[in-house]
Amino acid sequence: MNIMDHLPALVVAVPLLGAFLTPLVGKVNDKLRNIFVIFIAGLTCALVFLLANQVFTDPDGIITYVFGADTEDTLKSIAEQGNPLVRILFEVDGLSAFMAIIGSLLPLVAVIYSWSFMKEHTGLDKYYTLILLMTAGMLGMMLTGDLFNFFVFLEITSIASAALIAFYTDKGKAMVAGFKYIVISSIGALFILLAIAIFYAQYDALNIAVIANNIQYGFLDKIALVLLIAALGMKSAFAPMHMWLPDAYGRAPASVTFVLIGTTLASLYGVLRVCFTLYGKNLAATGSNLGSLNLTPGFLLGALLVVLAIITIFVGVFMALKQVDLKRMIAYVAVAEIGYMLLAFSAVLISLYGGTSPNTEVVSQTALKGGLFHIFNDALDIGLLFLVAGAIYYATKETSLNKLGGLARNMKYTTIFFLIGLFAASGMPPMNGFASKILIYESTYQVNPILSVIAILCSILILAVFVKVFHSVFLGPEHVSLKNVKEVPKIMLLSMAIISGIIIFFGLFPDVVVNNLISPAAEALTNNKIYISSILGVI
Amino acid sequence: MIYNIPYFAVIALILIGLYAILFRRNLIKIVIGITLIESGVNLFLITLGYREGSTAPIYTLSPGGIMSMPVPQALTLTSIVIGVAVLALMLSFIIHIYRHYKTLDVRKIGGDD
Amino acid sequence: MIDWNSFVKIFDTGAGFWSPIIWLIVILFALLIVYIIRSYGQKSYKKGTEQTKPFLSGNPEGDRESSHVKSSNLYWGFMESMRLIYKFLSNIHTGNVSDYVLWFVVIMGIFFIVIMGVN
C-alpha cells in the first residue's frame, strides 16, 4: 500500500486514531501522552505538507480520492459509462491544500504550547483527545468534496469545540460560553442540513462537483443559497451574528482559542466553496438593470456581503476599544479581521459579476489573493496575541487590564512577541499584516474608494487598541502584587517563537508566499471547471 | 395535495422551534426548540425519499414493486444520532450552569460586557 | 553583477508594488541619521542626582503606582465623544442567546428579501 496514494484519507484518519488512542497512552504515563500527542500533530502536519506538495505540482492542480473503491476505476466508470456517483470523495484543490496547511499548523503549535500551559490542570486526557478530534474535523471540512460529509465534519468540530470552551468547569462563565457556542453551532448546522436536503431533492446528488454541474438558479436554489450563506456566516462570525465569538474566544483556555481560530476559518472556507465553486456560473446570469448597474445575482450577493463586512469591521473595532478583559478585547479584534477578509471576498464578487470597470481581472485577482493571504496572516497574528494573553494569565493569574502593569521588567521575551503581534495585527510594515492589507486596500479602492478609506481608518483604530494594551500591561510602574512574576516556561516561548518566525518570514518575503501558495488557490477558486471536470470527465 | 401535508408539517415544526428559541426564557425550553427544529429537518429528509405506492427499502430479494429511496433514510439516521449527542451535551451544560448560577433564566446568565 | 530584482523581492500589488527589503534599508538609513543627530547632544550630565528627576513645576512627585493611568480611562476623550454609538452598541450586546439567534433570523430575512425580490 503506497502512502502517497492515500494521503487525503490519512490526513483525517491519523488525528482521529490518535484521538482515540490518547486516553490509553495517558493511563501509562503523562509525559508519554504529551509526547504521543505532539507526535500525532507533527505527523499530521507532515502529511499535509506532502499532500500540498502533490497538489501544487500536479498539472491540473487537483487530486481526487474516492473512499471505498479504486480512484482510477471509479472515475473511469463515471466518465465512460455514465454511472451515478454514490461514493464519498475527497477533492483537494489549491484552496483546500492552502487551508489544510493552516488547519494542521495551528493544532501543532497549540499542543506544544499546552505542554506547560495546562500542566497543573486535571482532565488532560480528555483535553488532548478533544483537541485531536477538533483537528480531524477541521481537516475533514477543508478537504471534502461532498456536502453531507461537510455537515458531519462541521458537527464533529463544533461538539469537540464546545466541550473544550467549557474547560474551566469551576467558573460559571466558561460553561455559559460553551452553552452559547453549542446552541449557535447546532442551529447553524441544522439550517445547513436543510439546504443540503433541498439540493438533494432537486439534483439527486450530494457531491459538490455533480451539483455544480447541474445547478440552475431557480426558486429553491435561491432559498438554498440564502440558508447556506446565512448559516455559514453565523459560524464565521459575520456581524451582527458575531456575538458568540467574544464569549467563546475570551473564556476558553488560550491554546483552545488558538485552534478555534482555525475552525472559524474553516467555516469561511465553506462560504467560499458555496459562492464560487457551487454556484459559480449562475452568479453571472443576467439580471435586471438598475440604471447603469447590471444586477446579476453575484452583484447582489457581493453588495449584501460588503455591507455586512463594513458593519463587522466597525463593530469589532469599536467594541474592542471599550473592553477591560484582555482576551475579550483580542476576540473583538478577531471579529474585525474577519470583516477584512469578507470585504476582500465581496469585492471579488462585485468586480467579477457586476463589473463595469475596465480592469476587472486585475482587481478581482488582487482582491482574492489579498483575502486568502489575509486568512493565513490573521490566523497567525491573532493566534500569537492569544498565546501572549495566555502567557500573561499563566504568569499573573489576572485577566483584567486594570490590575496589570509594568510586566516588561520581568517578562522580556513576552513583550517582544507582543510587539511583533501588535505590528502584524494592525498592518504595519514590515510584518505580514501589511503585505495582505495593502492588497485589500488597493483592490477595494478600485471597487469604491469609501471602502478602502474605512478599512485604513479602522486599521489605525486597531493599532490604537493594541497600543492601549501594550501601555497598560507592559509599560508603567511595577505593581506591588505583581512583584514576583517570572518569565513563562521555555516551551511556551518556543511555540510563540515559531509563530513569530513565520510572521517575520511572511512579512519579509511576501512574493514567495503569494506565488507558491496563494496563486494556485486563487486560480482554483475562480475557475470551477477544473473542479467539475476532474470528477465527471471533460464536459 | 395530500402528499404535501408532511412539507407543511416541516414548516410548522421549524417555525415553532424558532419561536421557542427566540421568545422563551427558560434554558430547557430553548433546548426543546432546537430539538423541534431538528425533528423538522429529519422529517423533511425522509419525506423527500417517498415514492407513491412504495415499500421499505430493506429487501435484498425484492417481492416486486418499487421501494422508496434509501439514501435520505441513511442521512436521517446520521442526523438523528448527531442530534442525540448534541442534546446530551447541551443538557449537561445546563446542569452545570444551574449549579453555578442557581437560575435557568437566560437573561440572568448573560454575563458581562 | 547581482540581479537587483531578485534581491529586492518586489511584491506586485494591483496598482503598485511593495518591497520589504527596500523599506528595511530605508528605515535603517533613517535610524542611522537619528543616531548621528543624537550623538551631537549634551553628554555631560550626572546620573542619579537631581538632573534626571522629572520636573512637575516644583511639586513633589507622587506615588508611581497611583499615578499610572488605568487602561479603562485611557481613551476617555474618544469614548466620550462617541457616547451615543457606544450606548447603542452596549444595548445590542446583551449576552442573551435568544438575541443571538434573533439576529441570525433577521439577517436571513434580509437576504431572502433582497435575493428573491429582485428578479
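A crossing of two helices is left-handed if the near helix is turned anticlockwise from the far one by less than a right angle, and right-handed if clockwise. That's the term to keep in mind for the first two views. What you see here is a predicted model, where local features need pLDDT of at least 70 and side-chain atom pairs count only at pLDDT 80 or more, while totals for chains, interfaces and linings use all residues. Residues are numbered from 1 along each chain as its sequence is written, and chains are lettered from A and ligands numbered from 1 in the order in which they are written.

**View 1. H13(A) passes H16(A) in a left-handed crossing.** Helices here are DSSP runs (H or I, at least four residues), and strands are too (E, at least two), numbered from the N terminus. The two helices pack at an angle of about 40°, with their axes 10 Å apart; the axes are lines fitted to C-alpha atoms over the stretch in contact, and angles run from 0 to 180 degrees between N-to-C directions. H13(A) and H16(A) are therefore oblique to each other (under 35 degrees would be roughly parallel, over 145 roughly antiparallel, 65 to 115 roughly perpendicular, and the rest is oblique). On the H13(A) side, look for A:Tyr340, A:Leu343, A:Ala344, A:Ala347, A:Ile350 and A:Ser351, which meet A:Ile440, A:Ser443, A:Thr444 and A:Val447 of H16(A); contact takes C-beta atoms, placed from the backbone, within 7 Å. By class that's seven nonpolar, three polar and no charged residues. Nonpolar covers Ala, Val, Leu, Ile, Met, Phe, Trp, Tyr, Cys and Pro, charged covers Asp, Glu, Lys and Arg, and the others, Gly among them, are polar.

**View 2. H10(A) and H13(A) make a right-handed crossing.** The axes of H10(A) (residues 244-251) and H13(A) (residues 326-353) come within 8 Å and cross at roughly 135°, so this pair is oblique as well. H10(A) brings A:Leu245, A:Pro246, A:Tyr249 and A:Gly250 up against A:Lys327, A:Arg328, A:Ala331, A:Tyr332, A:Ala334 and A:Val335 of H13(A). The residues of this contact divide into seven nonpolar, one polar and two charged.

**View 3. Helix H20(A) has buried residues at A:Tyr531, A:Ile532, A:Ser534 and A:Ile535.** Buried takes 20 or more other C-beta atoms within 10 Å of a residue's own (12 or fewer is exposed, in between is partly exposed). The four cover an arc of only 165° around the axis, which puts them on the same side of H20(A); the arc is that of the directions from the helix axis to the C-beta atoms. Their cover includes strands S1 and S2 and helices H3, H8 and H11 of chain A. Just after H20(A), A:Gly537 takes a positive phi of about 75°.

**View 4. Chain A meets chain C through 49 residues of chain A and 37 of chain C.** Helix H12(A) gives the largest share of the chain A side, seven residues. That side has 33 nonpolar, ten polar and six charged residues. Of its 119 residues, 11% count as buried.

**View 5. Chain B touches chain A with 24 residues, and chain A answers with 24.** Helices H2 (27-48) and H3 (70-101) of chain B each give two or more residues to the chain B side. H3(B) gives the most, with 14 residues. By class, the chain B side has 18 nonpolar, five polar and one charged residues.

Terms used:
Two residues are in contact if their C-beta atoms, placed from the backbone, lie within 7 Å.
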